[in-house]
Amino acid sequence: MSATSGMRHAVVGVVVAAAVVTSCSSSSVVPSQTETPRTRESVDGRVLFIGNSLTEANGLPAMVETLSRQGGGTPIATASVVFDGFSLEDHWNQGTAPRRIAEGGWSIVVLQQGPSSLPESQAALREWTARFDTVIRASGGRTALYMVWPESNRRDAFDAVSRSYARAAEDVSGMLLPVGEAWRGAWRRDSEVPLYGPDGFHPTATATYLAALVIYQQISGRSPMGLPALTQMPADRVLRILQEAAEEANAQFGRR
């Protein structure tokens with residue numbers, strides 16, 4: 001896409017506000033079932049997730065909502081725009097995500113794409129994060145980057161994934177949600193914690209719970225320690241491992 005074309009899309013995205021929300025589905029665009037009315041009081045806790053099946057898997061946005069109710073503080077209400085296999089560039093060109101952001105009322109917009117560890121994908125993550133940030137800022141929100149993880153056969157790429165997302169967040173003075181680093185923290189405590197799903201890429205329910213802990217803490221500023229398990233744990237001690245790993249990752253890598 002040319003720079004001129006990109007700017008044209010940005011203007012359209014800001015001006016045209018279509019009342020369209022996706023649920024956690026990669027194939028349909030339907031009204032969210034979790035969204036709260038846009039009152040002055042609710043804006044601080046309204047979070048929009050933009051991503052693909054890594055966000056959709058196991059109902060991550062809903063899990064973050066539930067943790068916020070359990071952990072106290074301002075309740076978090078979420079909505080999402082997710083399409084299977086989409087990058088941020090795909091979301092920009094498809095149009096639903098920019099229009100949804102431009103409707104306003106979001107305190108935080110969480111952006112997620114693939115591992116983005118290779119040089120060209122690192123550059124793309126930074127470019128399209130910056131484009132989305134202009135729309136997010138214009139609508140009164142703040143950008144957050146959901147750091148993911150590499151495929152199981154590319155574990156040596158964890159450092160590159162971490163750097164890629166950290167740089168994209170730094171570029172826009174955004175929040176960094178260091179979920180990939182929390183994976184490594186969990187494995188340092190127990191290398192058998194099941195985080196990769198059967199395909200060697202998508203998260204298990206245990207891994208999604210870990211992601212929710214990281215995101216909840218960064219958004220709320222509250223510790224994840226002592227929160228209840230929202231999914232069946234492979235062992236009782238794993239719950240504490242995940243909470244410790246989330247807190248450690250946020251302390252070392254998180255950006256608020």
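Strands β3 (108–111) and β4 (residues 142–146) run parallel and are joined by 4 bridges. Strands here are DSSP runs of E with at least two residues, helices are runs of H or I with at least four residues, and both are numbered from the N terminus. Two strands pair if DSSP finds at least two bridges between them. The bridge partner of L111 in β4 is L145. Of the 5 residues of β4, 4 are buried, so the strand is largely enclosed by the rest of the structure. Buried means under 20% relative accessible area, exposed means over 50%, and partly exposed lies in between, with a 1.4 Å probe and protein chains only.

The model is predicted: local features need pLDDT of at least 70, side-chain atom pairs count only at pLDDT 80 or more, and totals for chains, interfaces and linings use all residues. Residues are numbered from 1 along each chain as its sequence is written, and side-chain values use heavy atoms, leaving out hydrogens and water.

Strand β1 (residues 46–51) runs parallel to β2 and is joined to it by 6 bridges. I50 stands opposite V81 in β2. In strand β2 (residues 77–82), 6 of the 6 residues are buried, so the rest of the structure largely encloses it. In a regular strand, side chains alternate between the two faces of the sheet. Both faces of β2 are covered, with A77, A79 and V81 on one side and T78, S80 and V82 on the other.

Q112 lies in the loop between β3 and α6 (119–138). Q112 counts as buried because its relative accessibility is 0%. Its side chain forms a polar contact of 2.7 Å with that of N52. Such a contact is a pair of N or O atoms within 3.5 Å; within protein, one must be able to donate a hydrogen and the other to accept it, and residues adjacent in sequence count only if both atoms are side-chain atoms. Beyond four places in sequence, Q112 touches residues including I50, L88, Y146 and Y165. Contact means heavy atoms within 4.5 Å.

The axes of helix α7 (residues 158–171) and helix α8 (residues 179–189) come within 9 Å and cross at roughly 145°. Axes are lines fitted to C-alpha atoms, for helices over the stretch in contact, and angles run from 0 to 180 degrees between N-to-C directions. F158, D159 and S162 of α7 meet G180, E181, W183, R184 and W187 of α8.

In helix α10, the buried residues include V238, I241 and L242. Their cover includes α8 and α9 (205–220).
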